[in-house]
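Please examine the fold shown below before reading on.

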Amino acid sequence: MKKYRADLHIHTVLSPCGDLSMSPENIISEAEKKDIDIIGITDHNSTRHCKLISRLAAKRRIFTMMGAEVTTKEEVHCLTFFENTDTLDLFQGFLESHLPDILNDPDIFGDQVEVDENEKIIFTETRLLSNAIDVSIDELQKFVSANNGIFIPAHIDRLKNGLYGQLGFLPDNFRADALEVSWRNVRSSFAAARPELSAHRLITNSDAHITYDIGRALTEYWLEYPSFEELKMALNNLNGRKIAG
């Protein structure tokens, strides 16, 4: 078993809030520079950059968790990950079918572009990706779990788009592989005042929108090797795999 460093909350140039510097190549180069073993690509309500980044990162011995940061109809942000391209494609179709037909205004919200490995634009998303889809947090969790995915409510400590900020509480018998505390808080300190969190694993990630912020916060995991299944076991504290610290 070995300790691996993971930042599972990274936005690309596809996200309207993602800086134009957040190309696949720049993200991978920054992760390599900071000795990050596992990255999670989590654009808002879209998985379009995951496959390319996974392929390019593997050449540099960086493992990619493929998914999205989904905004539920309660306006709660949730990280979602899937093991293979078949389920990722299924999820992309799910997101597209539930995203409202509200156009993006790049002058207000930012560009939403997919690029190739040479940073050439190959697709522009016209619908505003930061909108909430018409699916509840419970419905989203059930879809992700039914497709062997990983479900992690994001930055639960944030007033805007965090679980506590939007719902006001952690629902009883809430099901998630882990809960993310934002980089602004210390996991142990945040949990100390909330005994209901003792039943959940807590992680921290960068929520990077610019390259410099990649790895500003991350979580270490004890794994046999970097993979989706190994990380899922660690998040659920199974078979000796676990969150370090």
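Predicted model: local features only at pLDDT ≥ 70, side-chain atom pairs only at ≥ 80, totals over all residues.

Helices (H or I, at least four residues) and strands (E, at least two) are DSSP runs, numbered from the N terminus.

Residues are numbered from 1 along each chain as its sequence is written, and side-chain values use heavy atoms, with hydrogens and water left out.

Helix 5 covers residues 137–146, and its buried residues are Ile 137, Leu 140, Gln 141, Phe 143 and Val 144. Viewed down the helix axis, these buried residues fall within an arc of 165°, so they line one face of helix 5. The arc is that of the directions from the helix axis to the C-beta atoms. An α-helix has 3.6 residues a turn, so residues three or four places apart point the same way. The cover over the buried residues of helix 5 includes strand 3 (63–71), strand 4 (77–82), helix 3 (85–98), strand 7 (150–153) and helix 6 (163–167). Just after helix 5, Asn 148 adopts a positive phi of about 55°.

The wider protein can now be considered. It contains eight helices and eleven strands. Its radius of gyration is 17 Å, close to the 18 Å that the globule rule gives for 245 residues, so the protein is as compact as a globular protein of that length. This radius is taken over C-alpha atoms, and the rule is 2.2 Å times the number of residues to the power 0.38. Of the 245 residues, 55% are buried. Contact means heavy atoms within 4.5 Å; among contacts between residues at least 6 apart in sequence, 70% join residues at least 24 apart.

Ser 130 lies in the loop between strand 6 (121–124) and helix 5, and it counts as partly exposed at 30% relative accessibility. Its C-alpha atom is separated by 9.2 Å from that of Asp 43, although the two residues are 87 apart along the chain. Not counting residues up to four places away in sequence, Ser 130 touches Pro 16, His 44 and Thr 71.

Glu 74 is placed in the loop between strand 3 and strand 4, and its relative accessible area of 24% makes it partly exposed. Leaving aside neighbours within four places in sequence, Glu 74 is in contact with Val 135, Ser 136, Ile 137, Gln 166 and Leu 167. Ile 137 is also one of the buried residues of helix 5.

Backbone angles complete the picture. Most residues other than glycine have a negative phi. Glu 75, in the loop between strand 3 and strand 4, has a positive phi of about 70° although it is not a glycine. Glu 119, in the loop between strand 5 (113–115) and strand 6, has a positive phi of about 65° and is likewise not a glycine. Glu 75 is partly exposed at 35% relative accessibility, and Glu 119 is partly exposed at 42%.

Notes. Buried < 20%, exposed > 50% of the residue type's maximum accessible area, 1.4 Å probe, protein only.
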